[in-house]
Amino acid sequence: MKSLFGTAWKCSKSAVFVPRRCYRPAYSQRPPLTLQFTGFNARHLRDGLENDTPSTRRGRPPAPHTQRNYKLFQSLVNNRLSKVIDNMGAWTAEHDEYRAFGIKSQHELDRELGLFRRALNKSFDLASEKGLTGRQENPLFWNLRNAFVKADAPGLARELKYAFQTFMIRSRFPKAITELHAQLADLRYPYEWFPATRMMQRTIHLHVGPTNSGKTYNALKALENAKTGIYAGPLRLLAHEIYTRFQAKGKPCALITGEEQRIPEGVDQYFSSCTVEMSPLNTRVDVAVIDEIQMIADDERGWAWTQAFLGIQAKELHLCGEDRAVDLIQALCARIGDKCIVHRYERLNPLQTMDKSLDGRFANLQKGDAVVAFSRVALYTLKAGIEAATGRRCAIVYGSLPPETRAQQAALFNDPNNDYDFLVASDAIGMGLNLEIKRVIFESSTKFDGMAHRDLTVPEVKQIGGRAGRYRTASQDIASASTLQEQDTPMPVATNKWGTPGFVTTLDEEDLRHIQKAFQSNASPIKTAGTMPPAFIIERFYSYFPPNTPFNFVLSRLREMSRLTERFNMCSFADYIEIAEAIQSFPMSLNDRIIFLTAPVALRDPKQRDVLRAYARCVSELKGGHLLDIEEVDLEILDIDDWASAGLSPTDYLNRLEALHKAITLYLWLGYRYQGVFQSQHLAFHVKSLVEAKITDYLEDLTFEADSRKRRRAYVRAMAAKHRTKEHKLLEGDEGEEENHHEGPGQWKEEGHEEPLVEDKAELDSAKAGRAPGNAAFQEKESGTKGVDARV
């Protein structure tokens, strides 16, 4: 237990006989300092903990304001622990969780809680009196503080529950079992998880260079010239694009994503175009291409790139990505014995940042410009503003668009013979979507990452901005497939079709310096590849725990005990643990629980947790999976055409539509894995299209208010600056003990880039809400009456 409780556990380990007052129920253990933790207070405490800088000399008390923050945090921890215990429930003989942890009576539970509180108090004493806050000397405090800073109160509650569970189970495992757990949690050699692949002598071709340099083109030419092969990419849209390209060239190809599978009929050999998580690992092929290999370091999805790189059975494996991945890939190839050939590329046309922004004026836009924003509300609001200011049409592209719609919008923008002069796009274009863009314009140099507004990273800026000045698009490949003879030749160096470089700038002058600086900087080399324990390791680890041990605890324990080498990092376990906890009450096989771990579910929305549990109940009972029978799926929102008359606010209406879309996406994902349970596949696809149409109809009715949008951009810049200061202090104060921060493109999921409807709750206020036809508000808008001023 030292790995979790450290010195704090040493104090309470010898306390076998404790006076009754030490193990009274939670409500009697209130610390002297008590607070009513409102959202406001908790938020400012979290900010304070982020800004705290521990004592520069170990063993010395920290600064007075830091000590006060630690005392406040201690009070919050005690308060939250009481709620955790309340949620776990009182002891009963039938309580499976307490039985699994060896608790045989309420008296014993109270005793364990008293001892655990003493360990907590000791850990806080070490922090506030001696300044010991690091992972090594005070792991309990470090884990709690880190969980609170990263995930607020919910993260703190999860960490407290795991810590208390670990404390209770400490006596259940003799030394031999603990050592066995450590052996099973040894994840230092993930390349040994793929023995069939290790028996092959593969040649790894690593294609690296900036955007628009031809690296992916050459990798795909090698794939096209093979008899069998695999393309694995980060987006469903990219997988669909490659699938369409191969179909146009008369090559049989399967499309395999978590949501959709199209297998060619009547052929034994065919190519596969898939999202990287769905890469087939048990099929030998001639050539495989893994796109955007730098995402191997992503904290959420990096494990999928690592798995594909180590596991795909291809004679030739082509990796495409950024130069910063070279050292890591070469080191891994040397370790597994594969030959590595590095191909370096330069841009086919120049790219430069401009000296001036657009000064916030759409009148300064030019034909071929693409304006980039990071939420769907922002995209549609900008589209409305651009079309109103210029009198020209504006296409729209984002990751969660249906592939057919995206292809149509891209074709409209790429066609020079129509009036679609401009494009608004999300950062999905940074993942290789081919568009003929002359100039990329960032509406903002910040984005919301789910927790805070932050500056765009150097790789993000270069990936997105580098899409200016495309040389050749997928639509050109498809159009020329029937007339051009296929040749196995490298992509020619050619001049830009417009005769000018690609350009990058910003909408506001205040953002331009950050974009310029990013292009003048080099991103740090990738040092580690993301990994996750595979199913067979989870199964073996779970088998050495008492029956009915909560699966989320086993996962937390595996995360805590895992050992990795310096070449690998553990991807985030947070979603795994939350999903496991949400479905814990349903009797399911371990294999079913593991399948649910990777399900595309957004647990930040409480309604999605209810949907997940409903689907888990269907799998547990092997029935009830017809879409119309699942009450938690909010199909009623489809019947509402006039949201205002229905008494809904615009935010409520959009949130319900978005929640239904996510519920249907999850239904389709599970439907491919449990076809006998979830049988309404065709209905689900139909509902999905209806929801997407309703969301689009609403968003297309948004209007642009220049002053409101300008105020919002100023607001998010201020929030990003605040976050930048906190992050700098946090990393500096913890002296390198924080978790590794991996630069990545953000919330990229298996099925594509799931742009949020809004970046935060305030964004919808920067545009006039959509109006339902037939109501007074809509008529007011149509008649030109001035609406209420929208505030950030």
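## Lys227 and its surroundings

Lys227 touches Phe271 and Asp286, residues up to four places away in sequence not being counted; contact here means heavy atoms within 4.5 Å. Lys227 lies in the loop between α9 (215-224) and β2 (229-233). Helices (H or I, at least four residues) and strands (E, at least two) are DSSP runs, numbered from the N terminus. With a relative accessible area of 67%, Lys227 is exposed; the term exposed stands for over 50%, buried for under 20%, and partly exposed for values in between (1.4 Å probe, protein chains only). Lys227 and Lys251 are 24 residues apart in sequence, and their C-alpha atoms are 9.6 Å apart in space.

The model is predicted: local features need pLDDT of at least 70, side-chain atom pairs count only at pLDDT 80 or more, and totals for chains, interfaces and linings use all residues. Residues are numbered from 1 along each chain as its sequence is written, and side-chain values use heavy atoms, with hydrogens and water left out.

## The eight-stranded sheet

Eight strands form an open sheet with mixed pairing, in the order β4-β3-β5-β2-β6-β7-β1-β8. Two strands pair if DSSP finds at least two bridges between them. The edges are held by β4 (261-262) and β8 (339-344); each has a single partner strand, so one side of each is left without a neighbour in the sheet. Helix α12 (residues 326-336) packs on the sheet and touches β1 (203-208), β7 (313-321) and β8. The direction of α12 makes about 160 degrees with that of β8, where axes are lines fitted to C-alpha atoms, for helices over the stretch in contact, and angles run from 0 to 180 degrees between N-to-C directions.

Within the sheet, strands β3 (residues 253-256) and β5 (residues 271-275) run parallel and are joined by four bridges. Ala254 has Ser272 in β5 as its bridge partner.

## Salt bridges

The structure holds 33 salt bridges, each being a side-chain nitrogen of Lys or Arg within 4 Å of a carboxyl oxygen of Asp or Glu. One of them joins Asp186 to Arg188, with the closest N and O atoms 2.7 Å apart; Arg188 is partly exposed at 26% relative accessibility. Another links Arg262 with Glu260, the closest N and O atoms being 2.6 Å apart. Arg262 is partly exposed, with a relative accessible area of 27%, whereas Glu260 is buried at 13%.

Asp421 and Lys367 also form a salt bridge, with 2.7 Å between the closest N and O atoms. This pair links distant parts of the chain, 54 residues apart: Asp421 is in strand β12 (residues 420-425), and Lys367 is in the loop between β9 (351-353) and β10 (369-372). Asp421 is buried at 8% relative accessibility, while Lys367 is partly exposed at 35%. A network of salt bridges links Glu443, Asp508, Asp511, Arg709, Arg713 and Arg717.

Thr446 lies in strand β14 (residues 446-448) and is buried, at 3% relative accessibility. The side chains of Thr446 and Ser444 are joined by a polar contact of 3.0 Å. Such a contact is a pair of N or O atoms within 3.5 Å; within protein, one must be able to donate a hydrogen and the other to accept it, and residues adjacent in sequence count only if both atoms are side-chain atoms. Leaving aside residues up to four places away in sequence, Thr446 touches Phe374, Arg454, Asp455, Leu456, Val716, Arg717 and Ala720.

Helix α15 (residues 458-465) is mostly covered, with seven of its eight residues buried. The buried residues of α15 are Val458, Pro459, Glu460, Val461, Gln463, Ile464 and Gly465.
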